[in-house]
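This report describes one protein chain for a reader who is new to structural analysis. Please keep the sequence and the model in view while reading.

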Amino acid sequence: MPDSLLVHPLARAASRATGRLGYLRGALGGALGIALALLAARLLPSGWQGALLVAPVGASAVLVLALPASPLAQPWPVLGGSLLAMLVGLLVHAAVPAPALAAPLALGLALVAMSLARCLHPPGGACALIGALGHPAMLPLLAVNLAGLLVAGWLWNNATGHRYPHGAAPAPAGPARYSPADLDAVLEEWDEVLDISREDLDALFRAVEARVIARG
């Protein structure tokens, strides 16, 4: 095969891996996040327990390091959602010892609790199940794991050009052809939970609109 036919596929593959949103950045950051989560666990008293890592932290690492702009990946959902969900699971386990009943009940109640506390975090579902199966020692371990992960998220994301905790990009100056009420009305009509903040949507639409106007 001629070298020229290989250049573009290889260039595209390299761009996907190393570009601003490339997966290599997320992969290296995720590894750093888990490393710091493990390091944080080692700060616990020796002999406290054998485990050093709570499995749902791996899923949280994917969100924090690969999708740092997601509302689900911000510090409050990561920490508050995970701990709240596991606490709900532990309380359900105390009231309903039968795992077949406790597990679905814990998951449902954890979703309600996270939604009301505005800290919805998908790995929280797994945390709720761990609690429902009766593992109280996992709660403090989860807390220190997540603390290490969030430190890694703050260090790595900001070092690689992604503000974390995330803040919406400033919208271009000048009037827009739509009003905030228009955006709110469309979101209300869609009646869907989008994994992007309203502020980011507004900034995105205004940036696209400004680009179109500048092009004439």
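## Burial and overall fold

Of the 216 residues in the chain, 33% are buried; here buried means under 20% relative accessible area, exposed means over 50%, and partly exposed covers the range in between, with a 1.4 Å probe and protein chains only. The structure is a predicted model, in which local features need pLDDT of at least 70 and side-chain atom pairs count only at pLDDT 80 or more, whereas totals for chains, interfaces and linings use all residues. Residues are numbered from 1 along each chain as its sequence is written, and side-chain values use heavy atoms, with hydrogens and water left out.

The chain contains 9 helices and 0 strands, and its pattern along the sequence reads α-α-α-α-α-α-α-α-α. Helices (H or I, at least four residues) and strands (E, at least two) are DSSP runs numbered from the N terminus. A contact means heavy atoms within 4.5 Å. Among contacts between residues at least 6 apart in sequence, 75% join residues at least 24 apart.

Where does A128 lie in the chain? A128 belongs to helix α6, and it counts as buried because its relative accessible area is 0%. When neighbours within four places in sequence are left aside, A128 is in contact with A85, M86, G89, A106, L107 and A110.

A128 can also be compared with S82 by two kinds of distance. The two residues are 46 residues apart in sequence, and their C-alpha atoms are 7.9 Å apart in space.

## The surface and its patches

The chain exposes about 12400 Å², of which carbon and sulfur atoms supply 70%. Accessible areas come from the Shrake-Rupley method with a 1.4 Å probe, and for residues only the protein chains shown count as cover. Patches are made of residues with over 30% relative accessible area and no salt bridge; like charges are joined within 9 Å, and nonpolar side chains (Val, Leu, Ile, Met, Phe, Trp, Tyr) within 5 Å.

L107, L111, L120 and L129 make a nonpolar surface patch of about 280 Å². Within this group, L129 is located in helix α6 (residues 124-132) and is partly exposed, since its relative accessible area is 32%.

A negative patch is formed by E188, E189, D191 and E192. For charge, Lys and Arg count as positive and Asp and Glu as negative, while His and the chain ends are not counted; the place of a charge is taken as NZ of Lys, CZ of Arg, CG of Asp or CD of Glu. E188 lies in helix α8 (residues 180-190) and is exposed, with a relative accessible area of 64%.

## Backbone features in the loops

Most residues other than glycine have a negative phi, and most peptide bonds are trans. R118, in the loop between α5 (99-116) and α6, has a positive phi near 55°. This arginine is exposed because its relative accessible area is 72%.

D191, a member of the negative patch, also has a positive phi, near 55°. It is found in the loop between α8 and α9 (198-215) and counts as exposed at 64% relative accessibility. P165 sits in the loop between α7 (138-159) and α8.

## Salt bridges

How many salt bridges does a search of the whole structure find? The search finds 2, where a salt bridge is a side-chain nitrogen of Lys or Arg within 4 Å of a carboxyl oxygen of Asp or Glu. Side chains of opposite charge can pair when their charged atoms come close.

D184 and R198 form a salt bridge through their side chains, at 2.6 Å from N to O. The pair links distant parts of the chain, with D184 in helix α8 and R198 in helix α9, 14 residues apart. D184 is partly exposed at 37% relative accessibility, and R198 is partly exposed with a relative accessible area of 28%.

R206 and D202 also meet in a salt bridge, at 3.0 Å from N to O. These residues are separated by about one helical turn because they are 4 residues apart in helix α9. R206 is buried, with a relative accessible area of 16%, and D202 is buried, with a relative accessible area of 14%.
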